[in-house]
Amino acid sequence: MKPTLVILAAGMGSRYGGLKQIDGFGPNKETIIEYSVFDAIRAGFGKIVFVIRKSIEKEFKAHFGNKFSHLIEVVYVFQELDNLPDGISVPEGREKPWGTGHAVLVAKNAVKEPFAVINADDFYGAESFQAIAEVLKETDLEQPQCYLLGYQVKNTLSEFGSVSRGVCNTNSNNELIDIVERTKIYKTKQGIVFEEDEVLTQLDENQLVSMNFMAFSPAVFNYYESYFNDFINENYKQLKAEFYMPTVLNRMINEGVSTVKVFGTTAQWFGVTYKEDKVAAVNKLNALIEAGKYPADLWA
């Protein structure tokens, strides 16, 4: 059974200042999503599930059209504020999406295979998809199984502002102990730090962090659903509270539901948190094309 790739593309892009999911970066205006899809096809994935918002559906589908639908099955699902447990309505004043964990949950009915999850605006590298695809071939569909690809924090920073990263703590068996969300990580002359309550704490440059490249058996959806219901009950009136993927992993570990195997990579991640990140992303893609890693025209 070929694995499925779930691409989280419902983000608002507030810091980027636009719909970065369909912004062009490659020589023929290819999006970062397209490079991920290209890598997924090469790695043996059999289906792409896009998680988007209804408000961007027309623009999103018009941009991608049938570029790769002849090569891999493509499905769309929608993350909306009213995707809530029965009997619960959207709280007055809520505008912010419910988070990455909720985005995974809305894909439940479209995914029956082992699956990986990525962000739409992050470039992960071909070797990352190959590694995860190999792991998913051995996944037990009936058991809740979880995997995480960890990137060295030094390879995940922006030159134009602080970033949020999930810092991964692991044991000697490379199993996740927990993920601690650090919302303000950046580089100083003294090294990489995270800032919390105006206190700076040093981070080892090789510290593994989560970039939301995770993989699961479909059995985890029951836990996503149960945990989201608990989240809503506890945070219904918190208008900016979000249900994150790391929240699910941490709880599954704490409850003994599943271990989470962490695969470290030295791959150079890059993304577009800020508008200023675009030039660097374009240059990195051009360098990869010149090195023969990607064709100049992905879908020619």
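**Figure 1. Packing of helix α2 in the predicted model.** The buried residues of α2 pack against α1, β2 and β3; the structure shown here and in the following views is a predicted model. These buried residues are E57, F60 and F64. Viewed down the axis of α2, they fall within an arc of 70 degrees, so they line one face of the helix. In general, an α-helix has 3.6 residues a turn, so residues three or four places apart point the same way. The other side of α2 carries K58 and A62, which are exposed. Just after α2, G65 adopts a positive phi of about 50 degrees.

**Figure 2. The aromatic pair F60–Y76.** The rings of F60 and Y76 form an edge-to-face pair. Their centres are 6.1 Å apart, and the angle between the planes is 90 degrees. F60 belongs to helix α2 (residues 57-64) and Y76 to strand β3 (residues 73-78), so the pair ties together parts that are 16 residues apart in sequence. F60 has 0% relative accessibility and counts as buried, because the limit for burial is under 20%. Y76, at 22% relative accessibility, counts as partly exposed. Both residues also belong to one aromatic cluster, formed by Y35, F38, F50, F60, F64, F68, Y76, F123, F270, Y294 and W299.

**Figure 3. The aromatic pair F45–F129.** Across the whole structure, a search finds 29 aromatic pairs. One of them joins F45 and F129 in an edge-to-face arrangement, with 6.5 Å from centre to centre and 80 degrees between the planes. F45 is located in the loop between α1 (32-43) and β2 (47-52), whereas F129 is in helix α4 (residues 126-136), so the pair ties together parts that are 84 residues apart in sequence. Both F45 and F129 are buried.

**Figure 4. Charged side chains over aromatic rings.** K54 lies over the face of F78, at 4.2 Å from the ring centre. In a second example, R94 is positioned over the face of W98, at 3.9 Å from the ring centre.

**Figure 5. The salt bridge between E113 and K47.** The structure holds 15 salt bridges. In one of them, E113 is paired with K47, and the closest N and O atoms are 3.2 Å apart. The pair links distant parts of the chain: E113 is in the loop between α3 (100-105) and β4 (115-119), K47 is in strand β2, and the two are 66 residues apart. E113 is buried, with a relative accessible area of 15%. K47 is likewise buried, with a relative accessible area of 9%.

**Figure 6. The salt bridge between K108 and E225.** K108 forms a salt bridge with E225, in which the closest N and O atoms are 2.7 Å apart. K108 is in the loop between α3 and β4 and E225 is in helix α5 (residues 221-235), so the pair ties together parts that are 117 residues apart in sequence. At 34% relative accessibility, E225 counts as partly exposed.

Figure 7. The side chains of E195 and K184 meet in a salt bridge, at 3.7 Å from N to O. This pair links distant parts of the chain, with E195 in strand β9 (residues 191-196) and K184 in strand β8 (residues 176-188), 11 residues apart. E195 is partly exposed, having a relative accessible area of 21%. K184 is also partly exposed, with a relative accessible area of 35%. Elsewhere, D23, K275 and K278 are linked in a network of salt bridges.

Figure 8. In strand β1 (residues 4-8), five of the five residues are buried, so the strand is largely enclosed by the rest of the structure. In a regular strand, the side chains alternate between the two faces of the sheet. Both faces of β1 are covered, with T4, V6 and L8 buried on one side and L5 and I7 buried on the other. β1 and β2 run parallel and are joined by five bridges; within this pairing, V6 stands opposite V49 in β2. β1 also pairs with β4 in the parallel sense, over five bridges. The bridge partner of V6 in β4 is V117.

Definitions and conventions. Residues numbered from 1 in each chain as written. Heavy atoms only, no water. Phe/Tyr/Trp six-rings, centres within 6.5 Å; stacked < 30°, edge-to-face > 60°. Helix = DSSP H or I, 4+ residues; strand = E, 2+ residues; numbered from the N terminus. Buried < 20%, exposed > 50% of the residue type's maximum accessible area, 1.4 Å probe, protein only. Lys NZ or Arg CZ within 6 Å of the ring centre and 35° of its normal. Salt bridge = Lys/Arg side-chain N within 4 Å of Asp/Glu carboxyl O. Arc of directions from axis to C-beta. Contact = heavy atoms within 4.5 Å. Pairing = 2+ DSSP bridges.
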